[in-house]
Amino acid sequence: ELATSLRPKLRTRLVGGQRSGLLNPSAVYKIKCGDPRVFDATLRPNRVYSAMALLVDRSASMAPFLQHTRAATVLFIEALDNLPGVRYEVTAFAQDSLVLKPLEKPLTRAMRSMILSEVSRGGGTTRTDLAVASAMERLRKQPPLTDKVIIVVNDGDKEVGFNRGAWHEMLAEAESEGIAIYGIGLGSGSEEVRRLFPGGSGVALPNATGLPRHISKLLHARLTKTKS
């Protein structure tokens, strides 16, 4: 299982950008800029190193993919729950966002039941931009140096009120703040999703059965990074 393979790696993970620890030669240049965070340190208990948000589109057009989004959401939860140094949230969205499992709260049986219910309930239209903006606000409240990640799953259906220029400005703002945003497109509109997330951060999955596997690979890649 993903969680089983991640747990020992996270316990021994080196995290860059620290003020003490092992000197990272590739970060020495920062000293000239007055930045003392040039060390790598092993993960310490009770410290948050990663905050990850899964945003799942549950609008009406997602109805054909609900089985796959549900399976991917279960994988996301089971992989991250109780991992050392990791906080996560699960949000379902259409016109509005519904945070089903907040970053700072432990998963409960009631939360799990609500997650499985809400991500399987399609209806309404989509506002991906508003969902991402809300998630960014929540991630901004996480501790400094936390690796902040947003994963968006939708089908690329045309969104009323979507402003492409404002969208790209928001992505640039996220990048400047160290928030990584990934988009996963499902079905016939998946290429549109890929285009909305530039620089390789978007992926098209015409066959939605590959969604759980892709999220698994993405989580593994982000959580086992040795440098920051």
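Q: How do β4 and β7 pair, parallel or antiparallel?
A: In this predicted model, β4 and β7 run parallel and are joined over seven bridges.

Q: Which residue stands opposite I151 there?
A: L54 is opposite I151 of β7.

Q: And what about β7 with β8, parallel or antiparallel?
A: Parallel; β7 and β8 pair over seven bridges. In that pairing, I150 has I181 in β8 as its bridge partner.

Q: Is β7 mostly covered or exposed?
A: Mostly covered: eight of its eight residues are buried.

Q: Which β7 residues point which way?
A: D147, V149, I151 and V153 point one way, while K148, I150, V152 and N154 point the other way. Residues of both sets are buried.

Q: Why the two sets?
A: In a regular strand, side chains alternate between the two faces of the sheet.

Q: Moving on to packing. How many residues are in the largest nonpolar core?
A: The largest nonpolar core has 36 residues. F76, L80, I184, L186 and I215 have the most contacts inside it.

Q: Which elements each supply at least two residues of this core?
A: The strands are β4 (50-57), β5 (86-93), β7 (147-154), β8 (179-186) and β9 (202-205). The helices are α2 (66-80), α3 (109-118) and α7 (211-223).

Q: Which one gives the largest share?
A: α2, with six residues of this core.

Q: What does the second, separate core include?
A: That core has 21 residues, among them A53, M136, W167 and V193.

Q: Now the surface. Which residues make the nonpolar patch of about 250 Å²?
A: L23, V28 and I31 make that patch.

Q: Where is V28 found?
A: V28 is in the loop between β2 (22-23) and β3 (39-42).

Q: Why does V28 count as partly exposed?
A: Because its relative accessibility is 33%, and partly exposed covers values between under 20% for buried and over 50% for exposed.

Q: What separates the C-alpha atoms of P143 and Y49?
A: Their C-alpha atoms are separated by 8.4 Å, and the two residues are 94 residues apart along the chain.

Conventions:
Residues numbered from 1 in each chain as written. Predicted model: local features only at pLDDT ≥ 70, side-chain atom pairs only at ≥ 80, totals over all residues. Heavy atoms only, no water. Core = buried A, V, L, I, M, F, W, Y, C linked by side-chain atoms within 4.5 Å. Buried < 20%, exposed > 50% of the residue type's maximum accessible area, 1.4 Å probe, protein only. Helix = DSSP H or I, 4+ residues; strand = E, 2+ residues; numbered from the N terminus. Patch = residues over 30% accessible without salt bridge, like charges linked within 9 Å, V, L, I, M, F, W, Y side chains within 5 Å. Areas by Shrake-Rupley, 256 points an atom, 1.4 Å probe, with all protein chains shown as cover. Salt bridge = Lys/Arg side-chain N within 4 Å of Asp/Glu carboxyl O. Pairing = 2+ DSSP bridges.
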